[in-house]
Amino acid sequence: MSDTKEKILNAALERFAREGYAAASMRDIAAQLGITKGALYRHYSSKRAILEEIVGRMERRDREEARAHGMPEAALSDASEDYGRAAPEDVRAYALEMFRYWTEDPFAAAFRRMLTLERYRDPEMAALYAQYLSTGPLGYMEDLFREMMEAGCLRRGDAKRMALEFYGPMYLLMDAALEGGTETPAAELEKCIDRFFAENRS
């Protein structure tokens, strides 16, 4: 991606996170960057095109992180053979890395703020919020834990309850981190994850 396109993408996301996607205009984004609307349109044909590039980047990063930590990249129906291979150590490392990404990476943190701001106003944003931050991760963890039980990595139990117990602290600590509510959210999450596996490892 060219340096100019990168600057546009970051400036747009920053504006979407601050004012909301619906409220921001191409004129606003161009003015923020000190360029003309024509110059902006040479790189992105519409505000929608910018949003699609932002979402595409988040999807690519998700896949890259999953692959790097030996985790399934897809839903269980698409990658059932991958789920049973994950070990508790892989899940721990992946969860901590994703937590740091969502709370410390400026791009991911702004994306999360944008979705949080817009999810009550726009059904598409609500669906993206669910995919990335609520029912999507919960379903992923439920499928993962069910297969880990089958593989003998976790003790038998209710996979949905386990997913809630695992992801609940992560979700709440992400909020705390973005709001400055705790000084060491990653350390707190690490304790929660270690406690979870101590109680549920087979």
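Here are some questions and answers about the structure above, which is a predicted model.

Residues are numbered from 1 along each chain as its sequence is written. Local features need pLDDT of at least 70 and side-chain atom pairs pLDDT 80 or more, while totals for chains, interfaces and linings use all residues, and side-chain values use heavy atoms, leaving out hydrogens and water.

Q: How many disulfides does the structure have?
A: To count as a disulfide, two cysteine sulfur atoms must lie within 2.5 Å of each other. Go by that rule and the count is zero.

Q: Is Cys 153 buried, partly exposed or exposed?
A: Buried means under 20% relative accessible area, exposed means over 50%, and partly exposed is in between (1.4 Å probe, protein chains only). Cys 153 has a relative accessible area of 21%, so the label is partly exposed.

Q: Are the rings of Phe 166 and Phe 196 stacked, tilted or edge-to-face?
A: Rings of Phe, Tyr and Trp (its six-membered ring) pair if their centres lie within 6.5 Å; planes under 30 degrees apart are stacked, over 60 edge-to-face, and the rest tilted. The structure holds twelve aromatic pairs. For Phe 166 and Phe 196, the centres are 5.2 Å apart and the planes sit at 75°, so this pair is edge-to-face.

Q: How many residues apart in sequence are the parts that Phe 166 and Phe 196 tie together?
A: Helices are DSSP runs (H or I, at least four residues), numbered from the N terminus. Phe 166 sits in helix 10 (residues 159-178) and Phe 196 in helix 11 (residues 185-200). Because of that, the pair links parts whose separation in sequence is 30 residues.

Q: Which residue's backbone oxygen lies 2.7 Å from a polar atom of the side chain of Thr 103?
A: Thr 103 is found in helix 6 (residues 88-104). With 16% relative accessibility, Thr 103 counts as buried. The backbone oxygen that lies 2.7 Å from a polar atom of its side chain belongs to Phe 99.

Q: What distance does helix 7 reach from its first C-alpha to its last?
A: The expected span of a helix is 1.5 Å times one less than its number of residues. Helix 7 (residues 106-118) has 13 residues, and 18 Å is expected. The helix comes close to that, reaching 18 Å.

Q: Which residue has a side-chain oxygen within 3.0 Å of the backbone nitrogen of Phe 107?
A: Phe 107 is one of the buried residues in helix 7. At the start of that helix, the side-chain oxygen reaching to within 3.0 Å of the backbone nitrogen of Phe 107 comes from Asp 105.

Technical notes. Helix = DSSP H or I, 4+ residues; strand = E, 2+ residues; numbered from the N terminus. Polar contact = N/O pair within 3.5 Å; in protein donor to acceptor, adjacent residues only side chain to side chain.
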